[in-house]
Amino acid sequence: MKIRRSWGRRGGGHEMTCQQAVNHITAYLDGALAGRDRDKLERHLEECPHCWEHLKQIEATIRVAGAGPGDDLDPLAREDLLEIYRRWRADQRPVD
Amino acid sequence: MDRYHPSMIRLALTRVRSRAVAEEVAQDAWVGVLRGLDTFEGRSSLRSWLFRIVINRAISSGVRERAHLPVHGDELEHRDGRFSQDGWWVTPPTHWADEVVDRLTAPSLVERVHEVITELPERQAQVVTLRDVEGLSSAEVCTILGISEGNQRVLLHRARTRIRAALEQEVMP
């Protein structure tokens, strides 16, 4: 998306205030913002570099949160879990 | 097991503070899973079911160990109250999103985000952990936590707002 105009209180993008735009960001990213609100927000984002940056920051935040940690299961924890599983399997066996 | 256990510990940590207790909760949840396997009807995904058990076990683990650090949180939230009364930016955001994306793999950023998550109010921490760390859909998260879609979105919004502010401090000290 290109920022076409410098930020100011003018143009169609300012049917929505910056604060309203920021408040709608989560619904927008979830695809849960519909109809007029969505149109107004998109126009606002096209015209307001600050809210556009805010959107990019939220997207960056989501990416960092999902970026890690690539944690492996600690061997002791794995052994404990396997033990739980073994005991469960033993209990499952039909008694002869 | 390898795939879910670390996630389960992380989720438990949104309720209990110590890692040892979180590990116990996760382990206990597996016991519950095995016991309940017969009754699992496959109506929800296995993952949703696992996570719901973790939440329930964490709650019933008794002592609410988690101590929030509200001062820190409030301070972060205020940093985002950057609008005038008529709703325009008073302090527009400085530009750092691109820089964060460039440094995406920097362990310090990732660690900081996870630290902030543990400082969030419990519900916010649970929603953001499930949505953004684990990558679950909003519908799944609503089922696991038993909350409405609207409520889920408010919690997610607040959590992301605080994490965003913390990242900003990290990138633009």
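In chain B of this predicted model, 70% of the contacts between residues at least 6 apart in sequence join residues at least 24 apart; two residues are in contact if their C-beta atoms, placed from the backbone, lie within 7 Å. Local features need pLDDT of at least 70 and side-chain atom pairs count only at pLDDT 80 or more, while totals for chains, interfaces and linings use all residues. Residues are numbered from 1 along each chain as its sequence is written, and chains are lettered from A and ligands numbered from 1 in the order in which they are written.

The secondary structure of chain B consists of 9 helices and 0 strands, where helices (H or I, at least four residues) and strands (E, at least two) are DSSP runs numbered from the N terminus. Of the 173 residues in chain B, 38% are buried. A residue is called buried if 20 or more other C-beta atoms lie within 10 Å of its own, exposed if 12 or fewer, and partly exposed in between, with C-beta atoms placed from the backbone.

V25(B) counts as buried because it has 25 C-beta neighbours inside 10 Å. Beyond its neighbours within four places in sequence, V25(B) is in contact with A12(B), V16(B), V54(B), R57(B), A58(B) and S61(B). Although V25(B) and A58(B) are 33 residues apart along the chain, their C-alpha atoms are separated by 5.9 Å.

Helix 6 of chain B (residues 107–119) has 13 residues and should span 18 Å at 1.5 Å a residue, which agrees with the 19 Å between its end C-alpha atoms; the expected span is 1.5 Å times one less than the number of residues. The buried residues of helix 6 of chain B are L109(B), V113(B), V116(B) and I117(B). Seen down the helix axis, these buried residues fall within an arc of 105°, so they line one face of helix 6 of chain B; the arc is that of the directions from the helix axis to the C-beta atoms. On the other side of this helix, P107(B), S108(B) and E115(B) are exposed. The buried residues of helix 6 of chain B pack against helix 5 (97–102), helix 7 (122–133) and helix 9 (149–171) of chain B, together with helix 3 (49–65) of chain A.

Between the chains, 39 residues of chain B are in contact with 30 residues of chain A. Helix 9 of chain B gives the largest share of the side of chain B that touches chain A, 7 residues.
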